[in-house]
Amino acid sequence: MSTNCRKRLIRDFRRLKSDPPGGISGSPLPDNIMLWNAVIFGPGDTPFEDGTFKLLLTFDESYPNKPPTVKFLSRMFHPNVYANGELCLDILQNRWSPTYDVAAILTSIQSLLHDPNPNSPANAEAAQLYRENMKEYVRRVKATVEESWLDPEEVAEASGSGAGGPGDRSMEEEPPERAQGGDAMAS
Amino acid sequence: MNYLTADVQDETDFPPRDQAPGLRGLDGSLRCDICGELYDAPVTIACGHCFCSACIRSSLALKQECPSCRASAGEVHIRPNPILEKVISDWNDARPFILRLLKQDDERAAASSSEIADKDKGTSKKRKRTPDSSKSHFFDSNIAGPSRNPLSPNGKSIRPSSPPSRPKKLKPKSDEVIDMTIPSSDIEEDEMPAARSGNLVPKADDLVSCPICQKTVRYSKLNGHIDKGCKDPPPAKTAASAASTWSKIMGGSARNGHQKGKHKKKGNGVHDDDSDEDYPLPIATYTTLKDRQLKEMLLDQDLPLTGDRSNWEQRHQRWVMLYNANLDRSNRKTKAELRRDLKKWEEDTAKKKKIVIHDVIGYQIEHKSEFTKLIDAARQSSKAKAPAASGSADAAIVPPAGPASSSPPSPPKSSSSLAEFKPTGLLPGDNIVVDSEGEQ
């Protein structure tokens, strides 16, 4: 409990609680401060609006010298989020700075939802639709927004039932790639 | 939630600005942006940013840039900042004291609000504090460290002569000193220590003691006396203490530091040599070293040879860092203490394994109630920020950890303001850029 990393995480938590950025919350597990659950609301005026996206942050003793691993638990359709929920975000990789804290990480991710970067896609299909077919992109994103409101049991049911796709709403258009993503997450 | 009660101090130990102006900000500014502790052996690098010596050294070992502004930086730029170190050591003394005063203040306010009608003296003033005390419950729940310590006896804290007013918090001195703030004409009526009612204001011929030098002076002459710097006939005691203070400032700490460093002769340091003590160890390039050379270097420093080659490299690298950071301290640790630090660090990093969650859905089901709470919290925070374009006092108080603290507080991140949205903690000029897949 007394390592520098743990103290720093306690401070991160206090800071996040005392001045939470809008639409963001996060908290370490009661029994393990190295594992944090977080929720980001989809920013307004974007297709992600009203989504309640869940994330998992995993720290180790090298924090804050090295960034944590951040992963979306909710299924995402975003040019810079891989099918398994991992993110392609520079500040979590080569642009990391040890002065960043959990609030800064979550805020950056929230703004990534607002401003995707289709030039270094983690999800090629999302990137392509974002560039070429905004209407379809928005429709697909909205499907994930609605899925984000479901209970995890319902999500499990939806993605587990039938090899077809992760959710009723988007099932008929679901390309094989998406379906794989859903399966991988459920497994 | 045991980690909440852990003895970790931070700036949220202090109430927000509207209750105790400046304290939270002050405590925050004296903390390293990397570790969040009050600076330990503070050093400055070329761009002017300040960090704990050990923190910036470990950061520079990974990346040669300032963690705050990304200006290029290297170990050679590191300069100790003894003034800041002195400030920190004084603040370390003052901190628990101020927190105790704040707590007493709070308790007094709470006590007076519960027994409002009971006391006639100073009741009206005390009642004024009541709204404040409800606000500071938030602060109470965040208290850690010394503020949790038992307080001084109640009888003392309720004495009517120490008013629960702001000036008192900022002047943690004896009661007599506070008494004397009354005559000063430029203090606003409402800022005066509260419970002092009119009949306590001295008349021109009354003898009062000077708030600065404690000497007894006629009230009518007090202002002139202070203007002259309390010099009329200089009170011997003050002069002496001033002299000692100055000698401390002028060289005490610097010289002491050197001497302490030199006099600490280590028992187990066979290779120790007085002349080496003040020189930093060179940073090694491990790839060019043969095992034998590396072994010799470890033995030179009396470090163990357990583990494999990568353990040796890490051990030696960390040792050099700890050793050099220790030179930036004026109260240096002994080598034995440094070795203990090194050992602890090795133990800590040994348990560094990230947990990997494979069953994402199962995990969400398991932690469903926590996520429900988090969603509520996020909803509240977005509501709180949305209409708070001007009113969010809290946001203005706690500057983000990063260098962005020099810029104005980030705009409320309501849904409508996302167009010009910039994340709080990010470095200047940092756009949210997504890097190519090959990076990691």
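**Close-up 1. Helix α14 of chain B, residues 335-350, in a predicted model**. The 16 residues of helix α14 of chain B should span 22 Å at 1.5 Å a residue, and the end C-alpha atoms are 22 Å apart, which agrees; the expected span is 1.5 Å times one less than the number of residues. Helices (H or I, at least four residues) and strands (E, at least two) are DSSP runs, numbered from the N terminus. K335(B), L338(B), R339(B), L342(B) and D348(B) are the buried residues of this helix, where buried means under 20% relative accessible area, exposed over 50%, and partly exposed in between (1.4 Å probe, protein chains only). These buried residues pack against α13 (309-327) of chain B, with contact meaning heavy atoms within 4.5 Å.

**Close-up 2. S97(A) in the loop between β4 (69-72) and α2 (102-114) of chain A**. S97(A) is buried, with a relative accessible area of 1%, and its side chain is joined to that of T99(A) by a polar contact of 2.9 Å. A polar contact is a pair of N or O atoms within 3.5 Å; within protein, one must be able to donate a hydrogen and the other to accept it, and residues adjacent in sequence count only if both atoms are side-chain atoms.

**Close-up 3. D45(A) in the loop between β2 (32-41) and β3 of chain A**. D45(A), a residue other than glycine, has a positive phi, near 60 degrees, and counts as exposed at 62% relative accessibility.

Residues are numbered from 1 along each chain as its sequence is written, and chains are lettered from A in the order in which they are written. In this predicted model local features need pLDDT of at least 70 and side-chain atom pairs count only at pLDDT 80 or more, while side-chain values use heavy atoms, with hydrogens and water left out.
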